[in-house]
Amino acid sequence: MIELEGVPELIDPVMVAAFEGWNDAGDAASGAVAHLDREWKGEVFAALDAEDYYDFQVNRPTVWLDNGVRKITWPTTRLSVVRIGGAKPRDLVLVRGIEPSMRWRSFCNEILGFAHELGVEMVVILGALLGDTPHTRPVPVSGVTSDADLARTMDLEETKYEGPTGIVGILQEACTHAGVPAVSLWAAVPHYVSQPPNPKATLALLNRLEDLIDIRIPLGELPEDARAWQLGVDQLAAEDSEVAEYVQTLEEARDTADLPEASGDAIAREFERYLRRRDPAGSPETATDTGSYFRDLSGGSRPQAKPKPEGTAEPQDGQEQTGTGGPEGPAAADDKAGDEPDGTSKGKPDDTSQGTSNGTSDGVGDTPED
């Protein structure tokens, strides 16, 4: 039973959701929702019962000390609400959690129950995937929906994907069948530099979210972090001739493909965003030591770009791509695992997945299907 005591009546609410794990390359999507929650000081009003949806041997709880008292944080999904002020105030319902281990249909029904009770007008689900995209170019963000009318009115792609999917695809379809307008925004993260965080991809998702629901998001230090991230990757790439050559190949392919987009609506959108934000830009900071930052490109053939279903990249599970695309739309190289207890940082003692996060992604060549 859903109880919403203490939650005020919301104004034109939009639900924005992201889930750590298979659909969250570079932690870009969960990082975007965390940024919204932090900047607008979201108030948590509900949390799903961890016992119902998570395998604790996969997503382990964490123990911490609070003034000498040991406490446990359980992996779960939490909902918070933020109010955006201004001439046209509106509310956002933020859903941030971990891709569930089981009972996905019940999980989605519970999320939709909150959406119904709160009068949510649209659900926007954020995702990130690993793709054949260079870190030196703007991050591609694809907006997809299963609703033909919504695709037409909001200039989105209507997904035609068939194949394995993650919780992002399941939740979007659940929204569609429940009659709730739903959109998925996917950012493509360079597969050769997939270690989180990726502030550049997070920034791209937030920019696209701004355009989609017509709000202005305070970005704080995120643009400066994105510039510092790119500078750090530039420096690392310059020290590895094989990586530098591969990046140049991706740049040439990207520039050729994007030539038709360098005019018209794309330029207009960027100009409108510039007019909305004329704050002076901060100077980039140099990146610190990142260890083994790049994915191994030695030994065997270099990853090759593949035909991209629906014109974008797709998320994968933490291994070099060896097959065709998987869930949800854009074509990609691979995705990371990254599941961990909600509200905790990466690299906790219980992290177990591939040295970068503690999830259980397992598909090679899987991708998201919006």
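Helix H7, which covers residues 222-238, has 17 residues and reaches 24 Å from its first C-alpha to its last, close to the 24 Å expected at 1.5 Å a residue, where the expected span is 1.5 Å times one less than the number of residues. Helices (H or I, at least four residues) and strands (E, at least two) are DSSP runs, numbered from the N terminus. The model is predicted, with local features needing pLDDT of at least 70 and side-chain atom pairs counting only at pLDDT 80 or more, while totals for chains, interfaces and linings use all residues. Residues are numbered from 1 along each chain as its sequence is written, and side-chain values use heavy atoms, with hydrogens and water left out.

Among the buried residues of H7 are Leu 222, Trp 229 and Ala 237, buried meaning under 20% relative accessible area with a 1.4 Å probe and protein chains only.

In strand E8 (residues 141-145), five of the five residues are buried, so the strand is largely enclosed by the rest of the structure. In a regular strand the side chains alternate between the two faces of the sheet. Both faces of E8 are covered, with Val 141, Gly 143 and Thr 145 buried on one side and Ser 142 and Val 144 buried on the other.

E8 pairs with strand E10 (residues 182-190) in the antiparallel sense over four bridges, pairing requiring at least two bridges found by DSSP, and Val 144 stands opposite Ser 184 in E10. With strand E9 (residues 157-158), E8 pairs in the parallel sense over two bridges, and Thr 145 stands opposite Glu 158 in E9.

Terms used:
Buried < 20%, exposed > 50% of the residue type's maximum accessible area, 1.4 Å probe, protein only.
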